Amino acid sequence: MNEYLDLGLITSFVPAASSFAGDIDFLFDMITIIVGFWFIITLATLFYFIMRFRRREGVKAMYISGEKHSEKVWTHYPHYGVIAFDVVLIGFVIVVWVNVKQTLPANEDTIRAIGQQWSWSFVHTGKDGKLDTDDDVNTVNDLHVIKDKTYHFELQSRDVLHNFAIPAFRLRQDIIPGRTIKGWFKPTESGTFDLQCAEICGRGHSMMFAAITVHPDRQSYDGTMDAIRAGTYESHFELKRQLGPVPLPFTVSKKESTSPYAIELAKSF
Amino acid sequence: MSTHGPIATHRTATGIPTGRLAVWWLLASEIFIFGGLIMCFLLFKFNNAPGFEDASMTSTAAGAFNTFVLLTSSLTIVLAHAASERGDTSASFRYIWFTIGGGLVFMLVKTYEYSTKILLGHTLTDNIFWSFYYTATGLHALHVFGGMVIMAIISFDVRKNYNLQRVELIGIYWHFVDIIWIFLFPILYIANF
Amino acid sequence: MVQQVETISHETEAHGTHHEMSFWEKYILSVDHKIIGLQYLFTGLFMAAIGGYFAYAFRMQLAFPGAEVPLFGYVDPAKFNMLVTNHGTIMIFWVAMPVLIAAFGNWMIPLMIGCDDMVFPRLNRLSYQIFLASALVLILSFFVEGGGFGGAWTSYPPLSAAAEYNLTNWGASLWLLAVALEIVAFLLGGINFITTTMNARAPGMGMMDIPIVIWMIDIAVILFMASVGPLIAGAVMLFFDQRLGTSFFLPSGGGDPLLWEHLFWFFGHPEVYVVLLPTMGIVAEIITVFSRKKLFGYRTILYTAFGTGGLSFIVWAHHQFVAGIDPRMANVFVVTTILISIPIAEMLFSYIATLYGGSIEFTTPMLWALSFLVSFLIGGVTGIYLGASALDVYFHDSYFVIAHFHYTFFPITIIGMFAAMTFWFPKMFGRMMDETLNKIHFWGTFIPFNGLFLPLFLVGMAGQHRRISDFTQYPDLASPDLQGIRIFATVSLLIMLLFQFVFIYNFFNSMFKGKKALMNPWRATTLEWTIPSPPPHGNFAEMPTVYRGPYEYSVPGHDEDYWPQHIPPKSNV
């Protein structure tokens, strides 16, 4: 949806790296315009009244009860305006929500994320494309996917509530022990992005960092999977942490990718 | 500390005596508490949580007897109220103590029930059904006991021809305790029979 | 009016002479609503200092991770969790509720409706005593083995239900017990508020003549009573899980963690209106007095308050959009959540309309009231982002939520508290506060408040998640720009905390050395301003009679620009 409106508000902080990130950013931009409009009008009215109706020598205040119809319309019409905008808003929100959380499009692969106090385990399907088979690849804190492929995810917890969160995908989903929660995403940008636990899970909650690496193509992904199986894998997650802070998108021109981080990571693909 | 109550206590702009308003308000809050608990029980039951077939093991006879006891005690507290309304403090005193007696019988039956079940291994932690059984009936029993204590205190005032309006108030409370039991009895004793 | 006690004898004896009361009887064991109100106020302010101190400690850790925090020590991850958990819990249960509802409700209900005390003074005292016990239990929880509870104020199981997960065995149970006691204290207190307002009004005060703050406090009490019941049931169940080995919320034993979430938020959402409505009431009282204008649309405001309260019971799952509930259910809650913004908007519009045509005086209470409107407007509109379920997929448990609820809770609790205190100080203590110091305190609080929380929207947009003690560990969040924002926010907090000493000095100094206050220094119309400052025991020497509504300011044809409620109508008006 963000072909209609793209103020780039969230993308100035986080890249948009999934197929529905644009829709969610669009909602943010649209709501900003709608509430911004009401906010500015209301604040402007408030400040105008405060200035205009300051106490002045000899000027008495008016006596208005607000019970007469002619008086009430002044709050009723803005009120109806708010309702109208709200209805529009609700419409857009439901459309995006149904797409992100209510539907499960056909998938090309599946991954499983298992949260526990206090780390992440990930299960990749391996060459047969099915989980729970002998060629599954298990990692800790490093999740690997391929760009432009639709994934289903299965979330499990070994103990308490956790939350599978990837800001670059605009995705968060609570994980409940005792069940497997399913969802989907489709990565659209390659790179290594933070993966967070976004539900307090005890003392080590702050330390449940992990990373998801979106490979630009199948070869890169297979190369990594082979390295993992062979025991020669160098963790993208560790590499990213060693390289240190990632500059915010708005501080780095989209054309140049000359930060040490970007260069190193490009090499690792 | 001044020895008289404030004038506010005796005024009533609505026509309803303040004591009665207070008791209804208290009951409303209690209804939400027990209602919440019962609703949780039903949610587990209708989502087929394990253990709910154990409802067949609660003694329906004991439960039915207790229901009869509580209903009768609700009758005696009404008689106590009627007696206090016409100023017959000794009759009121007697009926209040019949009500307390009913509460006592209720507690004794519950004690018998709890001990037989615990000896069979159905403790609080056995499964979710039993956790609810003990929590709900236990909370209810606490309210029965509390009611008995308050009734005793009120009865001594009544005998001295004092604060007779409180008989009605504890009566309302006692009816509430009764009604909660009327809800607990079917879901804990009759279901899965 | 029926005096029901005519035919049945009761405990009250003849109005005897008052014996001289000891300090203990007069101040500690008092049944006078004014003393009890002050007890709640001072306990609440003390707890606010603790809550603020905790915020200081964790914000210092966030700005300077790993550094030793002056006047506190090192904030390791376990301590961090304890600090954020108890900061939130304290501010809502031990500051917002006691100050806004219990302190000012106790003070103002009898005074504004024209009676001598609450209907059940000893129950009132008991409520405070249970409340005090709850505060002490909470403080005790910080000192037991394992430390204070660190599972967030929302206390989700299984983390909160098993010590093997939360590692704060006794801390978790004491926290839960403290919250339970606080709830009981307020349930008991609510009995007094409702019965007193309904029954003890002065003759002539109809329902629509009651000052709106009293209505707001009473509606809040009703909302509280109706919403907290299921949570009490849940708290008993959680306590049993913690201590007796049941599994109400533990999946390993057949239980369901989501059940707690529903029970908690069914209370948690109405709770925010429980604290909002009293502040809306306080703001209404202030803006009418200092714009010399009748409240615009008293009835409308009343109906929207009821509407908001009723709607508040059907929005709760917007806290659980990504919690694992059936996604189809989320759509229902999007509709109700977005809709609840409408009655609140109507209320705000009515307040702004009250200013129209006024004669506005910028005293400190008025500055606080106006700043409430501005800040709460920001809080309210940012709630729309979060009520949009699809957007909440991104913002759930992020700093955007923190910024939103601080832009609602801070105006409600802190601005509301200072508004009420500066407004009613003359009545409560018989002296005026220093207006210059008050204004310094106002600007020194309001500006840093915005400096602290406005940037948090930005880090929320960057995807920064909650309850994390050190963001430099997350490469995407460790950028110098974001860390700079965190430092800026922390410095703003430090400045804000320093300015609170101005208020503390002003408050206590004015109490003893301030200029003596007139009976009605603000020239207001409501009944509390018709008796001496501070009011004597028994409040009114003679029961007042009420002839008109509470906001008759600038009535045409009247010489004075205010017409108090108790003045009989003259024939030549």
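Colleague: What area is buried between chain C and chain B?

Modeller: This is a predicted model. Carbon and sulfur atoms give 70% of the area buried between the two chains. The area itself is about 4,700 Å².

Colleague: Which element of chain C gives the largest share of the side that touches chain B?

Modeller: Helices H4 (121–141), H6 (169–199), H7 (212–244) and H8 (257–291) of chain C each give two or more residues to that side. The largest share is 12 residues. That share comes from H7(C).

Colleague: How many residues of the side of chain C that touches chain B are charged?

Modeller: Chain C brings 61 residues to the contact, and chain B brings 46. On the chain C side, 34 are nonpolar and 19 are polar. The charged residues number 8.

Colleague: How many salt bridges does the rule find across the interface of chain C and chain B?

Modeller: Polar contact is present there, in 8 residue pairs with both residues at pLDDT 80 or more. A salt bridge needs a side-chain nitrogen of Lys or Arg within 4 Å of a carboxyl oxygen of Asp or Glu. Across this interface, the rule finds 0.

Colleague: In what order do the elements of chain B run from the N terminus on?

Modeller: Chain B has 0 strands. Its helices number 5. From the N terminus on, the order is α-α-α-α-α.

Colleague: What percentage of the residues of chain B count as buried?

Modeller: Chain B has 193 residues. A residue counts as buried under 20% relative accessible area.

Note on methods:
Residues numbered from 1 in each chain as written. Chains lettered and ligands numbered in written order. Heavy atoms only, no water. Contact = heavy atoms within 4.5 Å. Buried area = accessible area lost by both parts, 1.4 Å probe. Polar contact = N/O pair within 3.5 Å; in protein donor to acceptor, adjacent residues only side chain to side chain. Helix = DSSP H or I, 4+ residues; strand = E, 2+ residues; numbered from the N terminus. Nonpolar A, V, L, I, M, F, W, Y, C, P; charged D, E, K, R; others polar. Buried < 20%, exposed > 50% of the residue type's maximum accessible area, 1.4 Å probe, protein only.
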